[in-house]
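Visitor: I would like to learn how to read a protein structure. Please take one feature at a time, with the general idea and then the case.

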Amino acid sequence: MGADMTLRSLYLPAGHTINHSTVTDTIRRLCRQATADDLRVLIDHGWLDDEVPYSEDTWNDEALTARAATLRQAAEAALLQMVDRFARSLGHRDVIRYRFDNDDEGIDAYHTGGLSWGNHPTDASEAWDIVFDTGRLPHTWPDQIGAAAGLLHPWGTGPAVTIATFRAWA
């Protein structure tokens, strides 16, 4: 069995870091307005494991609605920790940063990745899930969080982040 090569890329205006206040406000808004379906996605994908012991009742709308305030607070705390980890990861040694153009109008490109046997190849790659993980967070949340953080679209349209995986064939 071989390993895949995975590369994650994201882009910010030259010399800038993520817009922490805007992304924090966006996360708070998303979590405080989370629907039962949004909470279910967070539970199903392990973001709220400490708050939700497994039971059949966990998955029904009535149980989620009854515990919505607690679950929304837990989601907010978890995502705020994730965005802090994401911001710190931009300076990690497993992240390559380079600038397009030499002036202040340029773009800083950040890349991380490596060989993967089904898990994240770097700590930064895992930290970037908050803007990449469209399958494990409620629909549109990663894009809204990325936009609020100030991530740029590499070609002006489409998602603000990219991922490339080169599959190993055994």
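**Reading charged pairs and their surroundings**

Guide: Asp129 and Arg136 form a salt bridge, with their closest N and O atoms 3.7 Å apart. The model is predicted, with local features needing pLDDT of at least 70 and side-chain atom pairs counting only at pLDDT 80 or more, while totals for chains, interfaces and linings use all residues. Residues are numbered from 1 along each chain as its sequence is written, and side-chain values use heavy atoms, leaving out hydrogens and water.

Visitor: What is a salt bridge?

Guide: Side chains of opposite charge can pair when their charged atoms come close. The rule asks for a side-chain nitrogen of Lys or Arg within 4 Å of a carboxyl oxygen of Asp or Glu. By this rule there are eight salt bridges.

Visitor: Which salt bridge joins Arg8 to another side chain?

Guide: The side chain of Arg8 meets that of Asp129 at 2.9 Å, N to O. Arg8 lies in strand 1 and Asp129 in helix 6, so the pair ties together parts that are 121 residues apart in sequence. Salt bridges that share partners join Arg8, Asp129 and Arg136 into one network.

Visitor: How are helices and strands defined?

Guide: They are DSSP runs, numbered from the N terminus: helices are H or I with at least four residues, and strands are E with at least two. The protein chain has seven helices and four strands. From the N terminus on, their order is β-α-α-α-α-β-β-α-α-α-β. Helix 6, where Asp129 is placed, covers residues 129-132.

Visitor: Is Asp129 buried or exposed?

Guide: Buried means under 20% relative accessible area, exposed means over 50%, and partly exposed is in between (1.4 Å probe, protein chains only). Asp129 has 4% relative accessibility, so Asp129 counts as buried. Arg8 and Asp129 are both buried, whereas Arg136, at 29%, counts as partly exposed. In the protein chain, buried residues make up 41% of the 170 residues.

Visitor: What else does Asp129 touch?

Guide: A contact means heavy atoms within 4.5 Å. Leaving aside neighbours within four places in sequence, Asp129 is in contact with Arg8, His120, Arg136 and Leu137. The side chains of Asp129 and His120 are joined by a polar contact of 3.1 Å. A polar contact is a pair of N or O atoms within 3.5 Å; within protein, one must be able to donate a hydrogen and the other to accept it, and residues adjacent in sequence count only if both atoms are side-chain atoms.

Visitor: Where do Glu126 and Arg85 lie?

Guide: Their side chains, Glu126 and Arg85, meet in a salt bridge at 3.7 Å, N to O. Glu126 lies in helix 5 and Arg85 in helix 4, so this pair ties together parts that are 41 residues apart in sequence. Glu126 counts as partly exposed at 35% relative accessibility, and Arg85 counts as partly exposed at 33%.

Visitor: Which residues touch the most other members of the largest nonpolar core?

Guide: A nonpolar core is a set of buried Ala, Val, Leu, Ile, Met, Phe, Trp, Tyr and Cys residues joined through side-chain atoms within 4.5 Å. The largest one has 38 residues, and Ile27, Phe86, Trp128 and Ile130 touch the most other members. Helix 4 gives the largest share of this core, nine residues.
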